[in-house]
Amino acid sequence: MSVRDLIPWGRGTNAPVPSRMRDEPASPFLTLHREMNRLFDEVFSGFGTGALAPAMRGLGWPSVEVVETEQGLRVSAELPGLDEKDVELFIEDGILTLRGEKRSETSDKERGYTERSYGRFERSIALPLAVEEDKAEASFKNGVLSVVLPRSAKSPERGRRIAINGGTPQTTAH
């Protein structure tokens, strides 16, 4: 059993192993430990270069950006290959929901194949401040959805000062 196999950050190197450790008998538990470490290293190294790359790519789709301005919020979502009829936008109780369906079909009569792909998506974004929901505006151009949400005039304060009691410490009876 190699000591290097027990140290996660040293497995990728080819540093020499001390000679007295090379001849140790292999314990089934240490072998299991080493194989589990190897498995996790292979699966999670690189996030996007291994076997999970296609699954990991769709985790945050569509890509959304929320920017706070003096006037309110600006939300942008990248939706390549979609039209505005494929997308629904809702706002309720301080949550902006973006939902839609992507459909794609490719045919090649010469080669004799057709590819179809369908997928539904939904993203819910908790808005960090109160907005005037009835004055929200959205536009869709070149695969980018832009939403402008004006700040509410009756916006509650984002923070509250808490007074600290000074003077003599209070004792509690146990």
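This is a predicted model: local features need pLDDT of at least 70, side-chain atom pairs count only at pLDDT 80 or more; totals for chains, interfaces and linings use all residues.
Reader: What does the secondary structure of the protein come to?
Author: The protein has three helices and seven strands. Starting at the N terminus, the elements run α-α-α-β-β-β-β-β-β-β.

Reader: And how much of the protein counts as buried?
Author: Of its 174 residues, 19% count as buried. The accessible surface is about 13,900 Å², and carbon and sulfur atoms account for 52% of that surface.

Reader: Turning to the largest nonpolar core, which residues touch the most other members?
Author: Those are Leu79, Val87, Leu145 and Leu149, in a core of 17 residues.

Reader: Take Leu149, then. What is Leu149 in contact with, leaving aside its neighbours within four places in sequence?
Author: Leu149 contacts Gln71, Gly72, Leu73, Val75, Ile91, Leu96, Leu127, Val131 and Ala136.

Reader: Which residues line the second largest cavity?
Author: Its lining consists of Val75, Ala77, Leu89, Leu96, Leu98, Ile125, Leu145 and Val147. At least two lining residues come from each of β2, β4 and β7.

Reader: How does that lining divide by class?
Author: The lining of the second largest cavity has eight nonpolar residues, with no polar and no charged ones.

Reader: Lastly, among contacts between residues at least 6 apart in sequence, what share joins residues at least 24 apart?
Author: The share is 47% of those contacts in the protein.

Definitions and conventions
Residues are numbered from 1 along each chain as its sequence is written. Side-chain values use heavy atoms; hydrogens and water are left out. A nonpolar core is a set of buried Ala, Val, Leu, Ile, Met, Phe, Trp, Tyr and Cys residues joined through side-chain atoms within 4.5 Å. Buried means under 20% relative accessible area, exposed over 50%, partly exposed in between (1.4 Å probe, protein chains only). Contact means heavy atoms within 4.5 Å. On a 1 Å grid over the protein atoms alone, a cavity is a set of points where a 1.4 Å probe fits but cannot get out, and a pocket is an open set with protein on both sides within 12 Å along at least five of seven lines; lining residues have an atom within 4 Å of a point. Helices (H or I, at least four residues) and strands (E, at least two) are DSSP runs, numbered from the N terminus. Ala, Val, Leu, Ile, Met, Phe, Trp, Tyr, Cys and Pro count as nonpolar, Asp, Glu, Lys and Arg as charged, and the others, Gly among them, as polar. Accessible areas come from the Shrake-Rupley method with a 1.4 Å probe; for residues, only the protein chains shown count as cover.
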